[in-house]
Amino acid sequence: MEAILIGFMGSGKTTIGRLLAQQLETTHADLDELIVKRAGQPITAIFAQQGEAQFRTLEQATLQAALKRPGILSTGGGTATVAANVQTLKASSTPVIWLAASDDTILARVASDTGRPLVNSLDTQALFDLKRSRATSYAQAADLVVNTDDRTPNQICQEITTWLTQPAQVLAQG
Ligand SMILES: Nc1ncnc2c1ncn2[C@@H]1O[C@H](COP(=O)(O)OP(=O)(O)OP(=O)(O)O)[C@@H](O)[C@H]1O
Ligand SMILES: O=C(O)C1=C[C@@H](O)[C@@H](O)[C@H](O)C1
Ligand SMILES: [Mg+2]
C-alpha cells in the first residue's frame with residue numbers, strides 16, 4: 001500500500017481514497033467494500049446477523065490481506081481503533097493519514113445514510129462520545145492528520161499529495 005486513510009465514519013476515507021488514487025494514478029481499495037464482498041452481505045446485515053464482534057474478526061483478516069496489495073486503502077471507521085489493527089498498520093510501514101472532522105461536519109455527512117449500523121443504533125450524543133473515545137487510537141496510528149472541515153475533496157487530496165511526495169517522506173519509506 002502507498003497510503004492508508006483512517007478516521008471516523010463520514011470523515012471521507014472512501015471519497016478521498018478514490019480521488020487520491022485517481023490523481024496518483026494508482027489503485028484504490030475500500031476495506032468496507034472488501035468485507036462486503038467477502039461476507040456476501042451488506043455491513044448492516046453482517047452486524048444484524050453475525051454481530052459486531054464477528055464483523056471485527058472479518059475486518060482484521062481483510063485488512064491483513066488488503067495491505068499486501070499496492071495502492072491507496074480506505075479503512076472503515078473502526079479499523080484503526082482495534083489495537084491489533086494499529087499494530088498491523090504500523091508494521092506495514094505505509095503512511096497512515098487520519099482524516100479528521102468536527103462533530104457537526106460528521107453529523108451532516110452521515111445523518112441521512114442508513115448504511116452505517118452504528119449511526120443507526122446510536123443517538124447523536126452517543127455518536128459524538130464514540131468519536132471522542134476513538135481519537136487516541138487514531139492519533140496513535142497516524143503519521144499525518146488532515147482536517148477535512150469546510151474543505152473540498154480536491155483540497156484535501158492536494159494536502160495529502162504534497163505531504164506524500166515531500167523528499168523526507170519518500171526517504172522515510174525507503
Ligand atoms: N470533504 C468533503 N466535503 C464534503 N462532503 C464530503 C467530504 N468528504 C466526504 N464527503 C461526503 O460525506 C459522506 C461520507 O463520506 P465517506 O463515505 O467517504 O466517509 P467514510 O469516512 O468513508 O465513512 P465510513 O467510515 O462510514 O466508511 C459522503 O456523502 C461524501 O460525499
Ligand atoms: O466506525 C465503525 O465502527 C464502522 C464504520 C464503517 O466504515 C463500517 O466499517 C462499519 O459500519 C463500522
Ligand atoms: Mg468508507
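A residue counts as near a molecule if its C-beta atom, placed from the backbone, lies within 6 Å of it. The views below show a predicted model, in which local features need pLDDT of at least 70, side-chain atom pairs count only at pLDDT 80 or more, and totals for chains, interfaces and linings use all residues. Residues are numbered from 1 along each chain as its sequence is written, while chains are lettered from A and ligands numbered from 1 in the order in which they are written.

**View 1. The surroundings of ligand 2.** Let's start with the residues around this ligand. Met9, Asp32, Ile43, Gly76, Gly77, Gly78, Arg116, Pro117 and Leu118 surround ligand 2. By class, this shell holds four nonpolar, three polar and two charged residues. Here Ala, Val, Leu, Ile, Met, Phe, Trp, Tyr, Cys and Pro count as nonpolar, Asp, Glu, Lys and Arg as charged, and the others, Gly among them, as polar.

**View 2. The surroundings of ligand 1.** Ligand 1 has 19 residues around it, and Gly12, Thr14, Thr15, Gly77 and Arg109 are the closest. Two or more residues of the shell come from each of helix 1 and helix 9, and helix 1 gives the most, with three residues. Helices (H or I, at least four residues) and strands (E, at least two) are DSSP runs, numbered from the N terminus. The shell around ligand 1 is made up of three nonpolar, eleven polar and five charged residues.

**View 3. Helix 1 against helix 9.** Helix 1 (residues 13–23) packs on helix 9 (residues 153–164) at an angle of about 60°, and their axes are 10 Å apart. That angle makes helix 1 oblique to helix 9. Axes are lines fitted to C-alpha atoms, for helices over the stretch in contact, and angles run from 0 to 180 degrees between N-to-C directions. Angles under 35 degrees count as roughly parallel, over 145 as roughly antiparallel, 65 to 115 as roughly perpendicular and the rest as oblique. Helix 1 contributes Thr15, Ile16, Leu19, Leu20 and Gln23 to the contact, and helix 9 contributes Pro153, Ile156, Cys157, Ile160 and Thr161. Two residues are in contact if their C-beta atoms, placed from the backbone, lie within 7 Å. This contact of helix 1 with helix 9 has seven nonpolar, three polar and no charged residues.

**View 4. Helix 3 against helix 4.** The axes of helix 3 (residues 43–50) and helix 4 (residues 52–66) cross at roughly 125° and come within 7 Å. Ile46, Phe47 and Gln50 of helix 3 meet Glu52, Gln54 and Phe55 of helix 4. Their classes are three nonpolar, two polar and one charged.

**View 5. Two residues with positive phi.** Most residues other than glycine have a negative phi. Ser93, however, has a positive phi, near 55°, and sits in the loop between helix 5 (83–91) and strand 4 (96–100). Ser93 is exposed because 10 other C-beta atoms lie within 10 Å. A residue is buried if 20 or more other C-beta atoms lie within 10 Å of its own, exposed if 12 or fewer, and partly exposed in between, with C-beta atoms placed from the backbone. Phi of Asp150 is also positive, near 55°. Asp150 lies in the loop between strand 5 (144–147) and helix 9, and counts as exposed, with 9 C-beta neighbours inside 10 Å.
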